[in-house]
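Let's take a friendly walk through a protein structure, one part at a time. Keep the 3D view open as you read.

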Amino acid sequence: MKIVKLPITLLFALIFGLSFLFSCTENEETVIQETEETEETPVTLNNEINEFVWAGLNEVYLWQQDVPDLADDKFTTFDDYYTFLNGYNTPESLFDDLLYQIDVVDRFSYIVDDYVALENSFQGTSNSNGLDFQLVRLSGSDDIFGYIRYVANNSDAASKDINRGEFFLSVDGQQLTVNNYIDLLFGNNNTYTLGMANITNNSIALNGKTVELTKTEFTENPILINKVIETSGVKIGYLMYNGFVANFDTELNNAIADLKSQSINELVLDLRYNPGGSVRSAINLSSMITGQFVNEVFSTEVWNNRYQEYFETNDPEYLINRFTSELSNGTTINSLNLNKVYILTTDGSASASELVINCLRPYIDVIQIGTATTGKYTASITLYDSPNYGRDDANPNHTYAMQPLVLKSANKNGDTDYYEGLTPDYTITYQTGSGTAEGENLLNLGTLGDENEVFLAKAISLITGATSKFTDTKSKAGIAIKPIADAKDFTPLGKGMYKNLEQPFK
């Protein structure tokens, strides 16, 4: 599989410099003369991180050509440049102001002040107790509650009496609200106590149970469940995969080998809580599901205007990701050679999860079950404050790094820009007191991997012959919810898809 190498010399000193620095040279005598005559003091830069932010986004940001303040000819003198940068008190405020239609078009670029934590998140490591949950707002108030989606294997939470489908209403005795949940659940308190709750007749109340959890530096294996279900004479592989983490590609390959050794006929891939991650891992997984399309086009990429023009002119292959037959370490990929796959999704299925769905569709039948996905068809790279934006020689004065969107992906047929997410072929619904709602019924989440769990049951029904749309009419009525956030939103990666650079800019 091709990794972005970016062989061209498109650096701040060459791109920004051609328009800005050269213009300074042309006017150098005039500037010097004016300085001598007026004895004006040149503007000095207040914050070097701000310069890193502007230069990095000017270099490689996907929408650089659409942001006037990132234009190559935006400034004619260093005084103008530094005056502009000094107008921002923090790197974060400058970064946000330079994004293209932030939260409308660009919803996923971000900046961090601790790139070590960011790097750890790419490896599946974070400060975590292993509890994955979603937070939901109570109707008519600022109060919120959480429900457990799953507990990561071998985590602190896995050793405690807390399970999928349970609810919590308070942290350390305080009712969760829209104003305090970040501090209580995602602040500096590594140990906290959850006040558990029950829902009865559409009302939630504490039930007296408490669970103390402690966050540590924890590496979550994204393979939560890998099993074979035999029913109606069919062997169905079920893989719940919760993050595209390159460090676990070997384990993923082994998991597929295990399914293959049991001669499965069908595969259900559960991505409903998978926020994305490594593009490399997405290609590897897609190649494991298939195997008959080695070296065929998996996805194509669109970069900003200057990179796109360079690649198209000098090396179009750089814009193509292909199905592969081996992992990056040379290990042969275990392939299932399937012509159909069933994929379970929710609005928590993002980026690399969507990439797998979109890019497999031109080749095999992808039966998507659940609800629409997030709608992230873009990928980012990590930029450090160094001469070539790589990790080596990073500025020792700070640990800021940027994760800007730099490309958007399309499948073999050119399908991209699925801003509203990928729509399922079969939508999971349930009844509430006021009508029908889509997604998981909090009052009937079921057990992951159990063939009676609603999402998996729908896939099994399709595999074994039932083809009608599935509605959760047999379960008790649910409640309509308004999600506020989920645990993965507060990891450094979040709902991200990233490219690994084989070498940094040079």
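## The whole protein

What you see here is a predicted model. The protein has 506 residues, and 54% of them are buried. Its secondary structure comes to 12 helices and 27 strands.

How do contacts link positions along the chain? Among contacts with a separation of 6 or more, 76% are between residues 24 or more positions apart.

In soluble globular proteins, nonpolar side chains tend to be buried together. The largest nonpolar core of this model has 80 residues, and the members that touch the most other members are Val53, Tyr241, Leu269, Ile289 and Val341. Helix H3 (residues 48-60) gives the largest share of this core, with 7 residues. There is also a second, separate core of 26 residues, with Leu224, Val234, Ile236 and Tyr426 among them.

Beyond its neighbours within four places in sequence, Ile289 is in contact with Leu267, Leu269, Leu336, Asn337, Leu338, Val341, Leu360 and Ile364.

## Two helices that cross

Two packed helices are described by the angle between their axes and the distance between the axes. For H3 and helix H4 (78-86), the axes come within 10 Å and cross at roughly 105°. Angles from 65 to 115 degrees count as roughly perpendicular, so H3 and H4 are roughly perpendicular to each other. On the H3 side, the contact is made by Asn50, Glu51, Trp54 and Ala55, while H4 brings Tyr81, Tyr82, Phe84 and Leu85.

## A helix with a buried side

Which residues of helix H5 (residues 91-98) are buried? They are Pro91, Leu94, Phe95 and Leu98. These four lie on the same side of H5, because they cover an arc of only 100° around the axis. The elements that cover the buried residues of H5 include H3, H4, E1 and E20.

Strands of a sheet pair through backbone hydrogen bonds, either parallel or antiparallel. Here, 3 strands form an open sheet in the order E1-E20-E19, with antiparallel pairing. Strand E1 (110-112) and strand E19 (383-384) are the edge strands, so called because each pairs on one side only.

E1 is joined to strand E20 (residues 401-403) by 3 bridges in the antiparallel sense. Helix H6 (residues 115-122) lies across E1, E19 and E20, and runs at about 120° to E1.

Ser128 is found in strand E2 (residues 125-128). Is this residue buried or exposed? A residue is buried when its relative accessible area is under 20%, so Ser128, at 18% relative accessibility, counts as buried. Leaving out residues up to four places away in sequence, Ser128 touches Thr214, Lys215, Thr216 and Phe218.

Ile357 lies in helix H11 (residues 352-360). Ile357 has a relative accessible area of 0%, so it is buried. Again not counting residues up to four places away in sequence, Ile357 touches Ile343, Thr345, Val366, Gln368, Thr373 and Leu422. How far is Ile357 from Tyr342 in sequence and in space? The two are 15 residues apart in sequence and 9.8 Å apart in space, C-alpha to C-alpha.

Key:
Residues are numbered from 1 along each chain as its sequence is written. This is a predicted model: local features need pLDDT of at least 70, side-chain atom pairs count only at pLDDT 80 or more; totals for chains, interfaces and linings use all residues. Side-chain values use heavy atoms; hydrogens and water are left out. Helices (H or I, at least four residues) and strands (E, at least two) are DSSP runs, numbered from the N terminus. Buried means under 20% relative accessible area, exposed over 50%, partly exposed in between (1.4 Å probe, protein chains only). Contact means heavy atoms within 4.5 Å. A nonpolar core is a set of buried Ala, Val, Leu, Ile, Met, Phe, Trp, Tyr and Cys residues joined through side-chain atoms within 4.5 Å. Two strands pair if DSSP finds at least two bridges between them. Axes are lines fitted to C-alpha atoms, for helices over the stretch in contact, and angles run from 0 to 180 degrees between N-to-C directions. The arc is that of the directions from the helix axis to the C-beta atoms. Angles under 35 degrees count as roughly parallel, over 145 as roughly antiparallel, 65 to 115 as roughly perpendicular and the rest as oblique.
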